[in-house]
Amino acid sequence: MSKIEDYWKASQDNFIWRDFAELQKSGLSAEILASLVADKAIGSDSVAVSGGRWRRRFNSQRAIILPIHGPASGELIDLIAFCPSTPRAVWMLTGQAGMLGYEAATKAEHFQEPLYLHETPLDWLKSGGEGSVILNWKHYWPLYFGRVREIRVGSEAFGERVHGLMSRPFPVPEVMVAT
């Protein structure tokens, strides 16, 4: 088993009722939570964070852990950590993930369905894991979302941010005749 798989297994085993209660207090329904726990689709751990990354650390802050599966292979490529009380702060284990819910973006493009983009992993959890969350705003997202018919968001301000991201111009290289 790889390090990331070891961390994921440990975080699933570390999910405790205190984490359950914290997520419920943050607005996540007991029904969705019970399903996530039963499906082993959520974990938690004590983490130390630095520079956008996290690592396991005994007796540190508790964080919710979610797996990120790659866009092409579906393999586990990263684990994100966040605290329900501050869900906009998201840390990655490997830094390889650009988005939570790659499969939703692929499905929206393929079936020409709306893509639901959520601002935070907590919002994504509240939706039952439907849609996606942008984790790395530096990626060139028109390549992922360019053929999606419609993107739905939860607020006007977030919609403006996504629209700005999608309307960034393509960098045009200098074109020269080779001699």
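These legends describe close-up views of a predicted model of one protein chain.

Residues are numbered from 1 along each chain as its sequence is written. Local features need pLDDT of at least 70 and side-chain atom pairs count only at pLDDT 80 or more, while totals for chains, interfaces and linings use all residues; side-chain values use heavy atoms, with hydrogens and water left out.

View 1. Helices (H or I, at least four residues) and strands (E, at least two) are DSSP runs, numbered from the N terminus. The C-alpha atoms fill a box of roughly 65 × 35 × 30 Å along the principal axes. Of the 179 residues, 40% are buried (under 20% relative accessible area; exposed is over 50%, partly exposed in between; 1.4 Å probe, protein chains only). Take contacts (heavy atoms within 4.5 Å) between residues at least 6 apart in sequence: 56% of them join residues at least 24 apart.

**View 2. The surface of the protein chain exposes about 10300 Å².** Carbon and sulfur atoms supply 53% of this area. Areas come from the Shrake-Rupley method with a 1.4 Å probe; for residues, only the protein chains shown count as cover. The mean positions of the 19 positive and 20 negative charges are 6 Å apart. Lys and Arg count as positive, Asp and Glu as negative; His and the chain ends are not counted. Charges are placed at NZ of Lys, CZ of Arg, CG of Asp or CD of Glu.

**View 3. Four strands form an open sheet in the order 6-8-7-9.** Pairing is mixed; two strands pair if DSSP finds at least two bridges between them. Strand 6 (99-100) and strand 9 (151-152) are the edges; each has a single partner strand, so one side of each lacks a neighbour in the sheet. Strand 7 (residues 115-118) and strand 8 (residues 132-134) run parallel, joined by two bridges. His-118 stands opposite Val-133 in strand 8.

**View 4. Tyr-7 and Trp-54 form a tilted aromatic pair.** The count of aromatic pairs comes to four. Rings of Phe, Tyr and Trp (its six-membered ring) pair if their centres lie within 6.5 Å; planes under 30 degrees apart count as stacked, over 60 as edge-to-face and the rest as tilted. Here the centres are 5.9 Å apart, with 40° between the planes. Tyr-7 sits in helix 1 (residues 3-14) and Trp-54 in strand 2 (residues 53-56), 47 residues apart. Both Tyr-7 and Trp-54 are buried.

**View 5. Trp-137 and Phe-158 pair edge-to-face.** The centres are 6.0 Å apart, with 85° between the planes. Trp-137 lies in the loop between strand 8 and helix 6 (142-145), Phe-158 in helix 7 (residues 156-166). The two residues are 21 apart. Phe-158 is buried, with a relative accessible area of 5%.
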